[in-house]
Amino acid sequence: MVKKFLRFLAGDNQQQPDQQLSLTQDGQPLAPSSQRLNNAVVYRKFSDAISDAGGSELAYPKAVTAETEELFDCKPRQLYKAVGGKVNDRSTLPLEAQAAYQASEIKAWWRLRQGGEAQDLQTQDEKDRYIVETARRAAKETRDDAPW
């Protein structure tokens with residue numbers, strides 16, 4: 001399993017600008033720069049995947065709304081109000097909610113990155129619907145594993 005992951009990293013040099021081949025004669029790829037996975041990193045990866053899949057500026061808020069509905073059975077504003085959080089500031093949500101969002105968005109990011117079905121979509125509405133449904137499915141699977 002480790003070898004498969006390392007092959008994945010080595011083959012992903014075109015998509016990750018922080019990876020380069022070393023200047024030594026061994027030609028081995030440098031280790032990717034490490035960074036802590038936090039809400040900001042997940043947000044950036046998820047929103048970049050939405051953009052790369054051809055999503056409009058409305059695709060991200062629609063995806064987050066669908067995700068929130070699946071994870072917590074409410075709209076985002078209702079969630080923030082219920083837990084006393086500041087709207088659009090996930091750091092004010094309970095850790096369990098932050099973790100659920102991260103797990104869901106990581107699944108959706110990976111699926112959107114694979115692209116598959118998105119390649120055949122023609123209209124902006126089709127692309128946005130695909131993105132929202134991908135986020136919804138990832139959230140539903142995450143909810144199935146959640147303790148609530």
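Is Glu-67 buried or exposed? Glu-67 is buried, with a relative accessible area of 1%; buried means under 20% relative accessible area, exposed over 50% and partly exposed in between, for a 1.4 Å probe and protein chains only. The model is predicted, and local features need pLDDT of at least 70, side-chain atom pairs count only at pLDDT 80 or more, and totals for chains, interfaces and linings use all residues. Residues are numbered from 1 along each chain as its sequence is written, and side-chain values use heavy atoms, with hydrogens and water left out.

The overall make-up comes before the details. The protein has six helices and zero strands, where helices (H or I, at least four residues) and strands (E, at least two) are DSSP runs numbered from the N terminus. Read from the N terminus, the order of elements is α-α-α-α-α-α. The protein has 148 residues, and 35% of them count as buried. Its accessible surface comes to about 9800 Å², with 53% belonging to carbon and sulfur atoms; these areas come from the Shrake-Rupley method with a 1.4 Å probe, and for residues only the protein chains shown count as cover. Among contacts with a separation of 6 or more, 58% are between residues 24 or more positions apart, a contact being heavy atoms within 4.5 Å.

Glu-67 belongs to helix H3. Leaving out residues up to four places away in sequence, Glu-67 touches Arg-90, Tyr-101, Ser-104, Glu-105 and Ala-139.

Thr-142, in helix H6 (residues 124-145), is another buried residue, with a relative accessible area of 8%. Its side chain reaches the backbone oxygen of Ala-138 at 2.8 Å. This is a polar contact, that is, a pair of N or O atoms within 3.5 Å; within protein, one must be able to donate a hydrogen and the other to accept it, and residues adjacent in sequence count only if both atoms are side-chain atoms. Apart from neighbours within four places in sequence, Thr-142 is in contact with Leu-71, Ala-100, Ala-103, Ser-104 and Lys-107.

Helix H4 (residues 76-83) shows how burial is arranged around a helix. Pro-76, Leu-79 and Tyr-80 of H4 are buried. Viewed down the axis of H4, its buried residues fall within an arc of 95 degrees, so they line one face of the helix; the arc is that of the directions from the helix axis to the C-beta atoms. Arg-77, Lys-81 and Ala-82 are exposed on the other side of H4. The cover over the buried residues of H4 includes helix H3 (59-72) and helix H5 (95-114). Just after H4, Gly-84 takes a positive phi of about 75 degrees.

Charged pairs come next. The structure holds eleven salt bridges, each a side-chain nitrogen of Lys or Arg within 4 Å of a carboxyl oxygen of Asp or Glu. One of them joins Glu-69 to Arg-136, with the closest N and O atoms 3.6 Å apart. Glu-69 lies in helix H3 and Arg-136 in helix H6, so this pair ties together parts that are 67 residues apart in sequence. Arg-136 also forms a salt bridge with Glu-70, the closest N and O atoms being 3.4 Å apart. That pair links distant parts of the chain, with Glu-70 in helix H3 and Arg-136 in helix H6, 66 residues apart. Relative accessibility is 24% for Glu-69, 22% for Glu-70 and 23% for Arg-136, and each counts as partly exposed.

A further salt bridge pairs Lys-107 with Glu-141, the closest N and O atoms being 3.8 Å apart. Lys-107 lies in helix H5 and Glu-141 in helix H6, so the pair ties together parts that are 34 residues apart in sequence. Lys-107 is partly exposed at 24% relative accessible area, and Glu-141 is partly exposed at 32%. Salt bridges that share partners join Glu-69, Glu-70, Lys-75, Glu-133 and Arg-136 into one network.

The last stop is the surface around helix H1 (residues 2-11), where Leu-6 is found. Leu-6 counts as partly exposed at 49% relative accessibility. Together with Phe-5 and Phe-8, Leu-6 forms a nonpolar patch on the surface, with about 310 Å² of accessible area in all. Patches are made of residues with over 30% relative accessible area and no salt bridge, with like charges joined within 9 Å and nonpolar side chains (Val, Leu, Ile, Met, Phe, Trp, Tyr) within 5 Å.
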